[in-house]
Amino acid sequence: MKAARIWLAILVAGFAVPLLLMVWETFDVRVWRRVLRPEFWQSWLDTLMLAVAAIGLGQALALAVVWNKGPLRLSLAIAALAALLPPFMLALGLGWLFINLGLGNSYFALVAAHSLVMFPYLLFFTLLGRQRVPENVFHLAKLNAARPLARFFNFYLPLMRPALVAGIFIGLTVSFGQYALTLMLSNTVTLTVRLVPFLQSADFRQAAVYGLIFLINVPILLACTHKLLKT
Amino acid sequence: MSFANGPEIILASRDWLPGLGYGLGTALVTTVGALLLCLTALLALLRLRVGRGRDLKIWMLLLQIPVAIPYALAAVLMFLLLYPGGPLGFLFPLTLNTAWRMIIAYLYKVSAFLILVSYPTLLRTKDDELDLLALQNKATLPFFRYVLLPRLAPALLTGCCIVFAYVFAAYEIPFILGGRQPKMPALVVAETMDKLTPGSMQAAYLMGLILLAVIAAICLAAWSIWRYFDRRRA
């Protein structure tokens, strides 16, 4: 057990040291002043709004697929195949599709693209969540609540919450990380779009501040989701 | 959509074929490296589970750190780590070969993803199997090799295919960390698209389709190999 713990500690250190280094680089008020300008707040808001809208659309789609009582294996196969499609390829295809539909450079196209990229993860975790709901709960819910929505919110959602939160967590990360997809489909300047030029000009301190903001965003949004699903 | 003179543009491109080979090599090395890291982590987690270590959940939580990090941020971390003055700055001469820079950045992200994908199978190991394993000293490795690995194979295969597809056709990390020559295939596609010459758009779409075909062929080959060995084992 000791050897196992040592090996895991080495691995975790390999993951954590770069992050600590990044936090260390952000201990400079001047860099924060340079980053926190009005255009930054606009980008921050755009990033959050985009992620939330894409999660909403993707999660609704995932719930629709799972609740349609389709074959489980088929749903999993769809999720795996969609996950195999790299975001850049998706951006190429969607760019062509949306331009031909007259939706080129639209916010809707961007939200749809982000939800498609995160869809496999949302679908996978929604399937996991549904498996957590025992069959007798489905029967009990049908006996107690007439409306399907009431059944979903009062019976299924509390049981599915951990899996849904995990899916949303991955979805948020996927959405925050998109660079090519966002650039190719719209003019929206998200935090990632703002971050990349700093890396190219080797301004690592500003890049580190952006990195830290990324990291802070995820738990905040996750806590909000958890709270929202609980109520 | 017609591909007009797309094939001619692709054949005339000096970057396309070297880029394809470079992308394949980078993606394969990354996938194999991530798989090895994932397997060693799973073996360590299994040993903790056999010994009923109470810290299993904490380790698993810590191993998930990179999953929360976007790819662009992984590039930031690699810059901070590998550039002169960073803790691993002595590796800088090695990372002048940009493929290694990208591979390290990808390994950081995707090995955690593979662990996340395969961990539920490890958790499903039955208690009586673990009790038997605890009684037989030094039996963890054979159990991992002959019992757990065949169970883990479908999840690991899916995870590896996703990792390969992502790395092979990724844009963000090569754009930030990649060098000028050779270029990863997605960069060649984007540059062809940006040329705005007649047929360049069609050539870019055709290149995209070729990338997808390569991904499908490699994944299919990996699946066929796994099926062959799985049947032989059965």
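**Chain B and its second largest pocket**

Of the 234 residues in chain B, 54% come out as buried, that is, under 20% relative accessible area with a 1.4 Å probe and protein chains only. This is a predicted model, with local features needing pLDDT of at least 70, side-chain atom pairs counting only at pLDDT 80 or more, and totals for chains, interfaces and linings using all residues. Residues are numbered from 1 along each chain as its sequence is written, chains are lettered from A in the order written, and side-chain values use heavy atoms, leaving out hydrogens and water.

A pocket here is an open set of points on a 1 Å grid over the protein atoms alone, where a 1.4 Å probe fits and protein lies on both sides within 12 Å along at least five of seven lines; lining residues have an atom within 4 Å of a point. Of 23 lining residues, Leu35(B), Ala153(B), Leu157(B), Ala222(B) and Trp226(B) sit closest to the centre. Helices H2 (16–50), H8 (140–168) and H11 (200–233) of chain B each supply at least two lining residues, with H8(B) giving the most, 10 residues.

Notes: Helices (H or I, at least four residues) and strands (E, at least two) are DSSP runs, numbered from the N terminus. Buried means under 20% relative accessible area, exposed over 50%, partly exposed in between (1.4 Å probe, protein chains only).
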